[in-house]
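Subject: Structure handover

Hi,

Here is the structure for you to look over. My notes on it follow below.

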Amino acid sequence: MKDLLRKAGLLTAMLLLICSAGAMAAAQEDDVLDIGEITVTANKKPTNVKNVSESVEIITQDQIAAMPVTNIDDLIALFAGAVTDRTGGNSDAKGGVKLRGQDTDSGRVLVLVDGMILNNGDSGGANFNSIDIDNVERIEVVRGASSVMHGTNGMGGIVNIITKKPQAGDWKGKTSATAGGMNTYKEKIYLEGGLTQNLAMSFSASNMRSGYYNSEFPEDRDPNNQDPENTTIEERHYFLKTVQSLGNADTTINYSIGIYDDQRFRGEAFNLVNNPKGSVWSFDAQRYQVDFNNPGDRFSSRLSLGYNLEKYESLSERLRNNRYTHWIVSSDRLNYGLDGSVSWTGPHHDVTMGGGYSVASQDAKDDYQWNNDVDVRTDPTFDAFNKGDLKTLFAYVHDTMVLSDTTDVQFGLRFDDASVKDAMYNLTGSTAIVSLNGKGWDHVSPKLGLIYHVGANSRIRVQYNNAFHAPNLEGMTLNMQRGGSFWHSNPDLSPEKTDAYEIGYEHGGGISTQSLSVYYNKAKDYIDIMDCSAATGCPVGDKKYMNVGRVDFKGVEFESSWQAIPTTKVYFNASYTDTEIKEYLADAALVGKMLTSVPQVNSNAGFTYAREKDESLGMNLRYTGQAYDDNANTVNQKSYFTVDARASKWVSKSDVVEVQINNIFKPTRLEGSTADDHLPGVIWSVGYSRLF
């Protein structure tokens, strides 16, 4: 009850702040509000951004084309509140982002492709490399906890990657070729057109080869393990999408198939006689999706079915302290499910209700072979396997109620019933098999939001969200060797829960837009990987997944842009993120410390210039503030600047050339890197495209 009263008190204070700010701003000019973009992510239906209480960023296809980026996570990091974990360009196996201090690798940021989940069924991470940025039409980023409409994984926010929609009509296409640093070459073809008057199709295929960048300093590399001169990446994308119009042109069925094939050879090794290219990682993925959309002025409906299989395999070896280790990892990570909803729009209400069913599945095995001699011996007690399903049944409802011409209130409620099925694993150092069935949780996630329109060109928004994150299957069932120590699973993990409060102000109209957001998130039963001790019940020197207690996230985000002439846009954003451990059950000394690898201050400044079918130029200056590299907050990751630029020129009606340069000033470290990493330096590329 006390906790509920505290929530109510804080929410009341925020509402009072809205009213007072609205009174002060009421005298502003009545220009047309220029934040009228449409989002399909926040409320699972097309909704004007000015009518949602969340902080939403929409990245359009024109912005994607002008920005000096190669990967989706690099693009997201250009905006306030986001940081990329990518450190070595193409060499990074999957990339990743942090939103408001919480990351995709742990599954605390939900990543969607056309509304269906991309996060895998193992660690909860998302492979951004599996989506070719050239196939993207727009990206919607919802910052902050968003469990009401989307369920688990949305503690830090949502990234929805929306692919290009083919248009019926005459066939057209594009071919391109790119060459660049680290011996990188990429070729691509894209086709689009109508099979019939009501059936459009697009197809794309790309092939990329690149050198693999070694982030260790040359003097620190083990010559027994890798030959840095014999490292390569081979990456291929295939994507097919059809759009079938049904009678009414707005009613459609979309089918899409995505295939991703990726291999990363890490250098010639000394004992892998059957694999002359040495240690190798392989990330392959298959994605199938069907979407039915039936929009309408008063009634609308949608249904999505998705299937996403990621197959990860690796073959590695190491010689350290005269001990040879050779291990093979294979992991099938599967997500599938359906999600449907119906919406009704009336004079004073806009209601969406829906539900669905999802399954996150994994089937993984680690085979370790080791000996103190170069001769390989097998010890089955050091092998590890884990498998299981996390099944979730859910239902949700959301209503936007119009109180007056200036004020909207939003209510939301979601119910999740998550359960672990058919799960089993073995214990490190034993061949015994442990079954984990019948474990489950149910959770109700509420939302309350208020939007106050100040005149016609500005608005103030405030909201409370409750987010729910079920433990990842990896944390509950996986025992593995990593970094010279064993990591232990914890089948007794409990879900993480977050109370999230936010207030924001947005102004648009004329030649400029500004926005300011302030947020406070309280995460309880936070899951972390702890050093083992007597209190954790595992050998000293190993690690274990644990619910450690409570972590608070607080921050401020500011964004501004100016566009005095149609061809040129200038922008600036800055964010401050503070993470504080409020409770750490196994080590009280960590209370008051910050989480590792979360920069406190981030900022971007840049411009884009574009003349349609003529020329374009984009440049971005990024500042990433210092972060801590250890739990005790004694080792800092230093702050740094990076500068990226991109330019393109139409040399004829169908031919385009472009050049892109990243890390122009060779900063001393890149995003998320540790003290042992060094940089790839300047990364450049030149490209040629032909339209037909």
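Start with β7 and β8. They run antiparallel, and two bridges join them. Leu 112 has Ile 117 of β8 as its bridge partner. Please keep in mind that this is a predicted model.

**The open sheet**

β7 and β8 belong to an open sheet of five strands, in the order β3-β9-β10-β7-β8. The pairing in this sheet is mixed. β3 (55-59) and β8 (116-117) stand at the edges. Each has a single partner strand, so one side of each has no neighbour in the sheet.

Is Val 49 buried or exposed? At 7% relative accessibility, Val 49 counts as buried. Its C-alpha atom is 5.7 Å from that of Ile 38, eleven residues away along the chain.

**Overall numbers**

The protein chain has 692 residues, and 55% of them count as buried. Its secondary structure comes to five helices and 37 strands. Take the contacts with a separation of 6 or more: residues 24 or more positions apart account for 64% of them. The accessible surface is about 29,100 Å², with 57% belonging to carbon and sulfur atoms.

**Nonpolar cores**

The largest nonpolar core holds 26 residues. Which of them touch the most other members? They are Ile 72, Leu 75, Ile 76, Ile 139 and Ile 161. Five elements each supply at least two residues of this core: α3 (72-76), β5 (97-99), β7 (109-113), β9 (136-143) and β10 (157-163). A second, separate core has 17 residues, including Ala 360, Trp 441, Leu 478 and Ile 527.

Leu 75 is worth a look in the viewer. Leaving aside neighbours within four places in sequence, Leu 75 is in contact with Ile 59, Ile 64, Met 67, Val 69 and Ile 139.

**A buried glutamine**

Gln 102 lies in strand β6 (residues 102-103). Why does Gln 102 count as buried? Its relative accessibility is 1%, and the cut-off for buried is under 20%. Beyond its neighbours within four places in sequence, Gln 102 is in contact with Val 97, Arg 108, Val 109, Met 155, Gly 156, Tyr 526 and Phe 553.

**A hairpin**

Strands β20 (residues 384-402) and β21 (residues 407-426) pair in the antiparallel sense over 16 bridges. The hairpin that joins β20 to β21 runs through four residues. Thr 392 finds its bridge partner in β21 at Ala 418.

**Nonpolar surface patch**

There is a nonpolar surface patch of about 680 Å². Its residues are Leu 516, Val 518, Val 556, Phe 558, Trp 562, Val 570, Phe 572, Tyr 576 and Val 601. β28 (512-531), β29 (543-565) and β30 (568-584) give two or more residues each to the patch. Tyr 576 is in β30. With a relative accessible area of 36%, Tyr 576 is partly exposed.

**Salt bridges**

The count comes to 37 salt bridges.

- Glu 235 and Arg 264 meet at 3.5 Å, N to O. Glu 235 lies in β14 (residues 232-246) and Arg 264 in β15 (residues 248-265), so the pair ties together parts 29 residues apart in sequence. Both residues are buried.
- Lys 554 and Glu 580 meet at 3.7 Å, N to O. Lys 554 is in β29 and Glu 580 in β30, so this pair ties together parts 26 residues apart in sequence. Lys 554 is partly exposed at 29% relative accessible area. Glu 580 is partly exposed too, at 22%.
- Lys 649 and Glu 615 meet at 3.5 Å, N to O. Lys 649 is in β35 (residues 640-650) and Glu 615 in β32 (residues 615-624), 34 residues apart. Lys 649 is partly exposed, with a relative accessible area of 35%. Glu 615 counts as partly exposed at 27%.

Best wishes

Definitions and conventions
Residues are numbered from 1 along each chain as its sequence is written. This is a predicted model: local features need pLDDT of at least 70, side-chain atom pairs count only at pLDDT 80 or more; totals for chains, interfaces and linings use all residues. Side-chain values use heavy atoms; hydrogens and water are left out. Two strands pair if DSSP finds at least two bridges between them. Buried means under 20% relative accessible area, exposed over 50%, partly exposed in between (1.4 Å probe, protein chains only). Contact means heavy atoms within 4.5 Å. A nonpolar core is a set of buried Ala, Val, Leu, Ile, Met, Phe, Trp, Tyr and Cys residues joined through side-chain atoms within 4.5 Å. Patches are made of residues with over 30% relative accessible area and no salt bridge: like charges are joined within 9 Å, nonpolar side chains (Val, Leu, Ile, Met, Phe, Trp, Tyr) within 5 Å. Accessible areas come from the Shrake-Rupley method with a 1.4 Å probe; for residues, only the protein chains shown count as cover. A salt bridge is a side-chain nitrogen of Lys or Arg within 4 Å of a carboxyl oxygen of Asp or Glu.
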